[in-house]
Amino acid sequence: MKKRFKVLSVCGSGTVTSSMVALKLKDALDEKGISIAATEAKPTEALNLISGGGFDFIINTSPLIAGDYGVPIINAVGFLTGFGEEEFIENIMAVINEINNK
Amino acid sequence: MIDLDLVLLDMQARTWRDVIGKLGKLMLDKNDVKDSYIDAVIAREEELPTGLNIGNFYVAIPHTDSNHVNKSSIAIATLKSPVEFSEMINPAGKINVELVFLLAVKDPKQQVTLLKSLMALFQNKQLLLKLKSAKDKSEVAILLKDIVI
C-alpha cells in the first residue's frame with residue numbers, strides 16, 4: 001500500500017494559501033500514517049508541472065486553467081476556512097484509497 | 001506579535017481597492033513592502049481574488065508574490081461597512097467582507113509558524129467576530145496574541 005503521495009497545491013500567488021493548505025494537509029494525514037510531499041504552484045504553472053509527471057493529485061484554492069490534468073483535483077477552500085474540512089479529508093481519503101486499489 | 005501600527009479599526013472604504021491601498025500604505029511607511037507591492041496586490045486581486053466565506057462571515061486575505069516584500073507582516077482592517085470582494089474559488093461570486101488581512105510574506109517555506117497561526121485564526125469564527133467588533137487596538141493585541149510573525 002502506497003503511503004507517500006506527491007501533491008500539487010495550487011493558489012493564486014503560488015505561495016501563501018497553497019503553503020497553508022499543504023501544511024495543514026500534511027498534519028492531518030500524518031495522523032493517518034500517510035505522508036505527502038507538496039509542491040506549491042500558481043494556476044498558470046499547474047498544467048506544465050503536472051505534465052512533468054509524478055503527482056498523485058491536485059488540491060486548489062483558486063480556479064485552475066481549463067485543461068487535461070490527468071489526476072484528481074480536490075477543492076481545498078473548505079479546508080482553508082474550516083467550513084468543509086471533514087468533507088475535504090473524506091475526498092482526499094477517497095482519492096488515496098482509489099490510487100491504492102488500482 | 002502583530003504590529004498594532006498596521007491595524008485600522010472601523011475603516012471607511014468604498015471599494016476593495018481602497019482597503020488594499022490604505023492598508024498597503026501603512027506597510028509601505030514601515031518599509032515592510034516595496035513600492036511595487038500595492039499595485040501588485042491589486043493586480044492579483046483582480047485576477048485571482050482572496051475573499052473567503054467563514055461560515056457566513058466574510059474575510060479577505062489579499063497578498064502577492066514575495067518579491068514585492070521586504071519583511072513579513074500583516075495589516076488588518078475592520079470595516080465600518082462591508083466592502084465587496086470576489087471569492088477565491090469562484091471569482092464571479094461577490095461577497096460582503098467585514099475583515100481584511102493584508103499579508104506580506106517574505107518566504108513561505110521559512111514561515112510555517114506564521115502560516116499555521118493564520119490558518120488557526122480562520123478556523124476560529126468566534127475570534128473573528130470579536131476582532132470585527134474590537135473597539136481599540138489593545139483588544140486586537142489580546143485576540144491576536146497567538147499570531148507569530
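Modeller: B:Asp32 lies in the loop between H1 and helix H2 (37-47) of chain B. Helices (H or I, at least four residues) and strands (E, at least two) are DSSP runs, numbered from the N terminus. This is a predicted model, in which local features need pLDDT of at least 70, side-chain atom pairs count only at pLDDT 80 or more, and totals for chains, interfaces and linings use all residues. Residues are numbered from 1 along each chain as its sequence is written, chains are lettered from A and ligands numbered from 1 in the order in which they are written, and side-chain values use heavy atoms, with hydrogens and water left out.

With a relative accessible area of 4%, B:Asp32 is buried. Buried means under 20% relative accessible area, exposed over 50%, and partly exposed in between, with a 1.4 Å probe and protein chains only. Neighbours within four places in sequence aside, the residues in contact with B:Asp32 are B:Leu6, B:Met27, B:Val69, B:Asn70, B:Lys71 and B:Ser73. Contact means heavy atoms within 4.5 Å.

B:Asn31 is found in the loop between H1 and H2 of chain B as well. B:Asn31 has a relative accessible area of 53% and is therefore exposed. Its phi is positive, about 65°, although B:Asn31 is not a glycine. Most residues other than glycine have a negative phi. B:Asp10 is another case, not a glycine and yet with a positive phi of about 55°. B:Asp10 lies in strand S1 of chain B and, at 33% relative accessibility, counts as partly exposed. B:Thr15 lies in the loop between strand S1 (7-11) and helix H1 (16-29) of chain B, and its 30% relative accessibility makes B:Thr15 partly exposed too.

From S1(B) the next step is strand S4. S1(B) and S4(B) pair in the parallel sense over three bridges, where two strands pair if DSSP finds at least two bridges between them. B:Leu8 stands opposite B:Ala77 in S4(B). Strand S4 (residues 73-86) of chain B is also joined to strand S5 (residues 94-104) of chain B, by ten bridges, and these two strands run antiparallel. There B:Phe85 stands opposite B:Ile95 in S5(B). Ten of the 14 residues of S4(B) are buried, so this strand is largely enclosed by the rest of the structure.

The residues of H3(B) that are buried are B:Leu114, B:Leu115, B:Ser117, B:Leu118, B:Met119, B:Leu121 and B:Phe122.

That leads to the other chain. Helix H1 (residues 16-30) of chain A packs against helix H3 (residues 112-122) of chain B at an angle of about 85°, with 9 Å between their axes. Axes are lines fitted to C-alpha atoms, for helices over the stretch in contact, and angles run from 0 to 180 degrees between N-to-C directions. H1(A) and H3(B) are therefore roughly perpendicular to each other. Angles under 35 degrees count as roughly parallel, over 145 as roughly antiparallel, 65 to 115 as roughly perpendicular and the rest as oblique. H1(A) makes this contact with A:Val16, A:Ser19, A:Met20, A:Leu23, A:Lys24 and A:Asp27, and H3(B) with B:Val112, B:Leu115, B:Lys116, B:Leu118, B:Met119 and B:Phe122. Of these contact residues, eight are nonpolar, one is polar and three are charged. Ala, Val, Leu, Ile, Met, Phe, Trp, Tyr, Cys and Pro count as nonpolar, Asp, Glu, Lys and Arg as charged, and the others, Gly among them, as polar.

Between the two chains as a whole, the contact takes 25 residues from chain B and 25 residues from chain A. The area buried between them is about 2100 Å², and carbon and sulfur atoms give 69% of it. Buried area is the accessible area (1.4 Å probe) that two parts lose on being put together, summed over both. B:Met88, B:Ile89 and B:Met119 supply 26% of the area that chain B buries against chain A, more than any other three residues.
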